[in-house]
Amino acid sequence: MKRTLLDNWTIDGTPMLSPDDNGVKVRHRALLSKDSGNDEGGFYHPIVIRPDVKEWEFSYSALTGEEYSYMEGLFAGKVSFTFTYEDDNGDVKTCIAHREGSDAVWKSRITGEYRGYRFSVIEC
(Lines give C-alpha, C1' and ligand atoms only; values in the text may rest on other atoms or scores of the structure.)
Protein backbone atom coordinates (compact mmCIF):
# COMPACT_ATOMS: atom_id res chain seq x y z
CA MET A 1 0.00 0.00 0.00
CA LYS A 2 1.17 3.49 -0.85
CA ARG A 3 -1.04 5.41 1.59
CA THR A 4 -0.46 5.51 5.31
CA LEU A 5 -2.89 4.26 7.94
CA LEU A 6 -4.38 6.91 10.23
CA ASP A 7 -5.50 5.96 13.69
CA ASN A 8 -7.37 9.25 14.17
CA TRP A 9 -10.01 7.96 11.71
CA THR A 10 -11.06 4.39 12.53
CA ILE A 11 -13.89 2.01 11.69
CA ASP A 12 -14.54 -0.40 14.59
CA GLY A 13 -11.01 0.37 15.81
CA THR A 14 -9.34 -0.39 12.45
CA PRO A 15 -7.45 2.58 10.95
CA MET A 16 -8.49 4.08 7.64
CA LEU A 17 -6.12 5.02 4.83
CA SER A 18 -5.10 8.68 4.68
CA PRO A 19 -7.34 10.65 2.30
CA ASP A 20 -6.15 13.10 -0.35
CA ASP A 21 -4.35 16.30 0.61
CA ASN A 22 -7.55 18.34 0.35
CA GLY A 23 -8.67 16.68 3.60
CA VAL A 24 -12.02 15.47 4.84
CA LYS A 25 -15.15 17.51 4.24
CA VAL A 26 -17.23 17.76 7.43
CA ARG A 27 -20.91 18.72 7.30
CA HIS A 28 -23.32 19.52 10.12
CA ARG A 29 -26.94 19.09 9.13
CA ALA A 30 -30.36 18.55 10.62
CA LEU A 31 -32.12 15.22 10.21
CA LEU A 32 -35.60 16.09 8.96
CA SER A 33 -38.84 14.11 9.20
CA LYS A 34 -40.47 12.83 6.01
CA ASP A 35 -43.45 14.93 7.10
CA SER A 36 -41.45 18.12 6.43
CA GLY A 37 -42.65 19.97 3.38
CA ASN A 38 -44.42 22.89 1.77
CA ASP A 39 -47.92 23.98 2.71
CA GLU A 40 -50.58 25.23 0.26
CA GLY A 41 -49.06 28.72 0.42
CA GLY A 42 -45.64 27.42 -0.64
CA PHE A 43 -44.02 27.90 2.76
CA TYR A 44 -41.59 25.18 3.84
CA HIS A 45 -42.10 23.68 7.30
CA PRO A 46 -39.11 21.61 8.46
CA ILE A 47 -39.75 19.07 11.20
CA VAL A 48 -36.37 18.48 12.80
CA ILE A 49 -35.87 15.02 14.28
CA ARG A 50 -32.24 15.63 15.27
CA PRO A 51 -30.19 18.79 14.90
CA ASP A 52 -26.45 18.78 14.18
CA VAL A 53 -25.95 15.34 12.63
CA LYS A 54 -22.33 15.07 11.46
CA GLU A 55 -21.25 13.74 8.08
CA TRP A 56 -17.66 13.21 6.94
CA GLU A 57 -16.88 12.92 3.24
CA PHE A 58 -13.65 11.10 2.38
CA SER A 59 -12.13 11.31 -1.11
CA TYR A 60 -9.22 9.51 -2.71
CA SER A 61 -8.02 10.49 -6.19
CA ALA A 62 -6.38 7.11 -6.83
CA LEU A 63 -6.07 3.81 -4.97
CA THR A 64 -4.32 0.59 -5.80
CA GLY A 65 -6.49 -2.52 -5.95
CA GLU A 66 -5.10 -3.56 -2.57
CA GLU A 67 -5.96 -0.18 -1.01
CA TYR A 68 -9.47 -0.24 -2.50
CA SER A 69 -10.09 -3.74 -1.13
CA TYR A 70 -8.79 -2.68 2.29
CA MET A 71 -11.15 0.32 2.46
CA GLU A 72 -14.20 -1.59 1.23
CA GLY A 73 -13.36 -4.39 3.68
CA LEU A 74 -13.71 -1.96 6.59
CA PHE A 75 -17.44 -1.65 5.81
CA ALA A 76 -18.23 -5.12 4.45
CA GLY A 77 -21.40 -6.59 5.94
CA LYS A 78 -21.89 -3.73 8.40
CA VAL A 79 -25.13 -1.79 8.75
CA SER A 80 -23.53 0.44 11.39
CA PHE A 81 -20.13 0.68 13.04
CA THR A 82 -18.14 2.58 15.64
CA PHE A 83 -16.45 5.58 14.05
CA THR A 84 -13.55 7.36 15.79
CA TYR A 85 -12.63 10.85 14.63
CA GLU A 86 -11.02 14.10 15.74
CA ASP A 87 -13.42 16.97 16.39
CA ASP A 88 -12.82 20.65 15.58
CA ASN A 89 -10.71 21.05 18.75
CA GLY A 90 -8.51 18.03 18.02
CA ASP A 91 -10.23 15.90 20.70
CA VAL A 92 -10.79 12.24 19.83
CA LYS A 93 -14.49 11.30 19.77
CA THR A 94 -16.42 8.14 19.00
CA CYS A 95 -19.93 7.68 17.62
CA ILE A 96 -22.09 5.06 15.97
CA ALA A 97 -22.27 5.74 12.23
CA HIS A 98 -23.23 4.24 8.88
CA ARG A 99 -22.21 4.51 5.25
CA GLU A 100 -24.75 4.67 2.42
CA GLY A 101 -22.35 3.51 -0.29
CA SER A 102 -19.25 4.49 -2.23
CA ASP A 103 -18.22 5.62 -5.71
CA ALA A 104 -15.13 4.72 -7.72
CA VAL A 105 -14.01 4.27 -11.30
CA TRP A 106 -12.06 1.12 -12.08
CA LYS A 107 -9.24 2.49 -14.20
CA SER A 108 -7.31 -0.49 -15.48
CA ARG A 109 -7.39 -4.27 -15.34
CA ILE A 110 -3.60 -4.33 -15.74
CA THR A 111 -2.75 -1.95 -12.88
CA GLY A 112 -5.89 -2.60 -10.81
CA GLU A 113 -6.09 1.13 -10.06
CA TYR A 114 -9.26 2.86 -8.89
CA ARG A 115 -9.89 6.58 -9.44
CA GLY A 116 -12.20 9.04 -7.71
CA TYR A 117 -13.05 6.82 -4.74
CA ARG A 118 -15.30 8.56 -2.24
CA PHE A 119 -17.81 7.85 0.46
CA SER A 120 -19.50 9.54 3.41
CA VAL A 121 -19.67 8.40 7.02
CA ILE A 122 -22.88 9.63 8.65
CA GLU A 123 -23.50 9.80 12.38
CA CYS A 124 -26.46 7.64 13.50
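**The aromatic cluster and its surroundings**

Modeller: One aromatic cluster is formed by W9, W56, F58, Y60, Y68, F75, F81, F83, Y85, Y114, Y117 and F119. The model is predicted. A pair of aromatic rings is described by the distance of the centres and the angle of the planes. The count of aromatic pairs comes to 14. In one of them, the ring centres of F58 and F83 are 6.3 Å apart and the planes stand at 85 degrees, so this pair is edge-to-face; the cut-off for that label is over 60 degrees. F58 belongs to strand β6 (residues 48–63) and F83 to strand β7 (residues 81–86), so the pair ties together parts that are 25 residues apart in sequence. F58 has a relative accessible area of 0% and is therefore buried. F83 is also buried, with a relative accessible area of 0%.

Another edge-to-face pair is made by F75 and F119, with 5.2 Å from centre to centre and 65 degrees between the planes. Here F75 sits in helix α1 (residues 65–75) and F119 in strand β9 (residues 114–123), so that distant parts of the chain, 44 residues apart, are linked. Both F75 and F119 are buried.

Strand β7 pairs with strand β1 (residues 5–11) in the antiparallel sense over 2 bridges, and T10 stands opposite T84 in β7. Strand β7 also pairs with strand β8 (residues 92–106), again in the antiparallel sense, over 6 bridges. There F81, a member of the cluster, stands opposite A97 in β8. The hairpin of β7 and β8 has 5 residues between the strands, and G90 in this hairpin takes a positive phi near 85 degrees.

Charged side chains also join parts of this chain. Side chains of opposite charge can pair when their charged atoms come close. The count of salt bridges comes to 10. Among them is the one between K78 and D12, at 2.9 Å from N to O. K78 is in the loop between α1 and β7, and D12 is in the loop between β1 and β2 (14–17), so this pair ties together parts that are 66 residues apart in sequence. K78 is partly exposed at 32% relative accessible area, and D12 is partly exposed at 38%.

E55 forms one with R29, the closest N and O atoms being 2.9 Å apart. E55 lies in strand β6 and R29 in strand β3, so parts that are 26 residues apart in sequence are tied together. E55 is buried, with a relative accessible area of 10%, whereas R29 counts as partly exposed at 35%. A network of salt bridges links R27, R29, E55 and E57. K54 forms a salt bridge with E123, with the closest N and O atoms 3.9 Å apart. Because K54 lies in strand β6 and E123 in strand β9, this pair ties together parts that are 69 residues apart in sequence. E123 is buried, with a relative accessible area of 15%.

Finally, one nonpolar group lies on the surface: L32, Y44 and V48 form a patch there, with about 270 Å² of accessible area together. L32 is found in strand β3 (residues 25–32) and counts as partly exposed at 35% relative accessibility.

Definitions and conventions: Residues are numbered from 1 along each chain as its sequence is written. This is a predicted model: local features need pLDDT of at least 70, side-chain atom pairs count only at pLDDT 80 or more; totals for chains, interfaces and linings use all residues. Side-chain values use heavy atoms; hydrogens and water are left out. Patches are made of residues with over 30% relative accessible area and no salt bridge: like charges are joined within 9 Å, nonpolar side chains (Val, Leu, Ile, Met, Phe, Trp, Tyr) within 5 Å. Accessible areas come from the Shrake-Rupley method with a 1.4 Å probe; for residues, only the protein chains shown count as cover. A salt bridge is a side-chain nitrogen of Lys or Arg within 4 Å of a carboxyl oxygen of Asp or Glu. Helices (H or I, at least four residues) and strands (E, at least two) are DSSP runs, numbered from the N terminus. Buried means under 20% relative accessible area, exposed over 50%, partly exposed in between (1.4 Å probe, protein chains only). Rings of Phe, Tyr and Trp (its six-membered ring) pair if their centres lie within 6.5 Å; planes under 30 degrees apart count as stacked, over 60 as edge-to-face and the rest as tilted. Two strands pair if DSSP finds at least two bridges between them.
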